Amino acid sequence: MSGRAEIHHQHRDVTGGWLRPSVFGAMDGLVSNFALIAGVAGGTANTRVIALGGVAGLAAGALSMAGGEYVSVASQRELAQAEIAVEKRELARYPEDEQAELAQTFVDKGVAPELAAEVARQISQNPDQALEVHAQNELGVAPGELPSPLVAAVSSFLSFSVGAVLPLLPYLFGAGGLAVSAVVSCVALFAAGAVVSAVTARSWWYSGLRQLVVGAVAAAVTFALGNLIGAAGL
């Protein structure tokens, strides 16, 4: 029998480098463009105008999502880098104090003081390793695993575009009313929610139904507003 414990399970990546912007982008693209198209369709029966609104919504939304994700993640990354730089300077200036601080963090987690002091001493012998451990303990980040703004931006742009094009496709292929777009959008909403359940603890039907309700309510509200504005002749 091996003296080393056997690993019986693996964890999925929960840091969200690409998952969060991809999922959020696809859902946002689908819901927002479906609602936009429904709103325009509520105010006019001109399919060219509806399609133009959908194309504009896709382009504007995808660029907005990508730009927002890039700036957000870049700002988060720069803040983390600035704090890591502070920690690096502190390790260089006050190595003994930082080592004692590290030992105390182990003590706070239940490690015996003598063992905590020895572990902190060994870790502190390697500056890179010491910086990584201090950053994880004090900042909750790993210096070499910071999120990429470019990955977040590209993921958001592509996923939003995929989601936003679905309610638009029927009009691009000559659909004469909202019904076909609504059916496609509702099926896509349920399917997207069900797919998300693969990386969550929720059942596929619950996730699918929840997403369907959110998208349908948004589309219904904007359709009513468009219909009201169209009837008023504004």
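I started with contacts in the protein chain between residues at least 6 apart in sequence: 70% of them join residues at least 24 apart. I note that this is a predicted model.

**Overall make-up**

I looked up the secondary structure next. The protein chain has 9 helices and 0 strands. Read from the N terminus, the elements run α-α-α-α-α-α-α-α-α. I then checked burial. Of the 234 residues in the protein chain, 32% are buried.

**Helix 1 and Gly43**

I went to Gly43, which lies in helix 1 (residues 19-43). Is Gly43 buried or partly exposed? Its relative accessibility is 38%, so I put it down as partly exposed. I looked for partners beyond four places in sequence and found Gly226, Asn227 and Gly230 in contact with Gly43. I took one of these further. Asn227 is 184 residues from Gly43 along the chain, yet their C-alpha atoms are separated by 4.6 Å.

**Helix 9 and Gln211**

My next stop was Gln211, in helix 9 (residues 204-232). With a relative accessibility of 14%, Gln211 counts as buried, because the cut-off for buried is under 20%. Which residues does Gln211 touch? Setting aside residues up to four places away in sequence, I listed Met27, Val31, Leu189 and Gly193.

**Helix 3 against helix 5**

I turned to a helix pair. Two packed helices are described by the angle between their axes and the distance between the axes. For helix 3 (residues 95-108) and helix 5 (residues 127-138), I noted an angle of about 55 degrees and axes 11 Å apart. The crossing of helix 3 past helix 5 is left-handed. I wrote down who makes the contact. Helix 3 supplies Glu98, Glu101, Leu102 and Thr105. Helix 5 supplies Val133, His134, Asn137 and Glu138. Sorted by class, this contact of helix 3 with helix 5 has 2 nonpolar, 3 polar and 3 charged residues.

**Helix 6**

Last, I checked helix 6 (residues 149-165), with its 17 residues. From first C-alpha to last, helix 6 reaches 24 Å, close to the 24 Å expected at 1.5 Å a residue. Which residues of helix 6 are buried? I recorded Pro149, Ala152, Ala153, Ser155, Ser156, Ser159, Phe160, Ser161, Gly163 and Ala164.

Terms used: Residues are numbered from 1 along each chain as its sequence is written. This is a predicted model: local features need pLDDT of at least 70, side-chain atom pairs count only at pLDDT 80 or more; totals for chains, interfaces and linings use all residues. Side-chain values use heavy atoms; hydrogens and water are left out. Helices (H or I, at least four residues) and strands (E, at least two) are DSSP runs, numbered from the N terminus. The expected span of a helix is 1.5 Å times one less than its number of residues. Buried means under 20% relative accessible area, exposed over 50%, partly exposed in between (1.4 Å probe, protein chains only). Axes are lines fitted to C-alpha atoms, for helices over the stretch in contact, and angles run from 0 to 180 degrees between N-to-C directions. A crossing is left-handed if the near helix is turned anticlockwise from the far one by less than a right angle, and right-handed if clockwise. Contact means heavy atoms within 4.5 Å. Ala, Val, Leu, Ile, Met, Phe, Trp, Tyr, Cys and Pro count as nonpolar, Asp, Glu, Lys and Arg as charged, and the others, Gly among them, as polar.
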